[in-house]
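Student: I'm new to this one. Walk me through it, please.

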Amino acid sequence: MARLIKKVITARRGNIHFDVRLREPVTAVLGNSGSGKTQLTAALLARQAGGSGESEQYAFIDWKLNENAAKVLVSLQHGKVIFIDNADIVLRDVPYWRKQFEDDNSNQYIIFTRMPEKYGIHETGICEFIRQGSGKNITVSARYFD
């Protein structure tokens with residue numbers, strides 16, 4: 001099974017502060033467009049471009065990457081938190097990815113999906129992003145369903 005590398009991810013993008021608590025090595029994040037999923041990855045990518053050492057712990061996959069390239073990218077990672085944005089578009093070989101999440105004991109996964117059950121994600125690892133506040137003080141956090 002994947003391993004829990006980070007229990008909390010914090011980031012800032014403009015007026016939005018992310019404070020996301022993680023409980024499982026594979027976390028599915030649900031949410032409508034605009035809830036902050038892609039904004040979190042953008043904030044972490046910006047931090048990575050700025051040379052933050054912490055950002056080297058992250059790897060990113062999104063809809064622009066074909067599935068074979070995603071498989072190669074994941075196979076090259078060790079000790080990373082891997083974000084998969086638009087998983088329902090990218091991860092078409094569901095049996096392969098279910099096995100990957102079960103067998104990979106060196107990485108943690110955060111999957112933005114509308115169908116977490118198809119990837120075998122445990123119910124304690126399914127959450128949605130909640131936005132609180134307005135204007136210059138918006139906080140995005142995770143709310144779990146169990």
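Tutor: Let's start with a term: a charge sits over a ring if NZ of Lys or CZ of Arg is within 6 Å of the ring centre and within 35 degrees of the ring normal. Here lysine 71 does that with its charged end, 4.3 Å from the centre of the ring of tyrosine 96.

Student: And what does the charged end of arginine 23 sit over?

Tutor: That would be the ring of tyrosine 144, with 4.0 Å to the ring centre. Before we go on, this is a predicted model, where local features need pLDDT of at least 70 and side-chain atom pairs count only at pLDDT 80 or more, while totals for chains, interfaces and linings use all residues. Residues are numbered from 1 along each chain as its sequence is written, and side-chain values use heavy atoms, with hydrogens and water left out.

Student: Got it. How many aromatic pairs are there?

Tutor: Nine (rings of Phe, Tyr and Trp, taking its six-membered ring, pair if their centres lie within 6.5 Å). One of them joins phenylalanine 60 and phenylalanine 83: the ring centres are 5.5 Å apart and the planes at 15°, so this pair is stacked. Planes under 30 degrees apart count as stacked, over 60 as edge-to-face and the rest as tilted.

Student: Where in the chain are phenylalanine 60 and phenylalanine 83?

Tutor: In distant parts of it, 23 residues apart. Phenylalanine 60 belongs to strand β4 (residues 58-61) and phenylalanine 83 to strand β5 (residues 81-84). Strands (E, at least two residues) and helices (H or I, at least four) are DSSP runs, numbered from the N terminus.

Student: Is phenylalanine 83 buried or exposed?

Tutor: Phenylalanine 83 is buried, because its relative accessible area is 0%. Phenylalanine 60 counts as buried too, at 17%. The cut-offs are under 20% for buried, over 50% for exposed and partly exposed in between (1.4 Å probe, protein chains only).

Student: Which residues form an aromatic cluster?

Tutor: Tyr58, Phe60, Phe83, Phe112 and Phe129 make up one.

Student: Switching topic: what order do the strands of the sheet come in?

Tutor: The open sheet has eight strands, running β1-β2-β8-β7-β3-β6-β5-β4, with mixed pairing. At the edges are β1 and β4, each of which pairs on one side only. Two strands pair if DSSP finds at least two bridges between them.

Student: How many residues of β3 are buried?

Tutor: Five of the five in strand β3 (residues 26-30). Val26, Ala28 and Leu30 point one way, Thr27 and Val29 the other, and all are buried.

Student: Why is β6 called largely enclosed?

Tutor: Because five of the five residues of β6 are buried. Gln108, Ile110 and Phe112 cover one side, with Tyr109 and Ile111 on the other.

Student: Back to β5. How far from phenylalanine 112 is isoleucine 84?

Tutor: They are 6.1 Å apart in space, C-alpha to C-alpha, and 28 residues apart in sequence. Isoleucine 84 lies in β5 and counts as buried at 0% relative accessibility.

Student: Last one: where is asparagine 86?

Tutor: In the loop between β5 and α3 (87-90). Asparagine 86 has a phi near 55°, which is positive in a residue other than glycine. It's partly exposed, at a relative accessible area of 30%.
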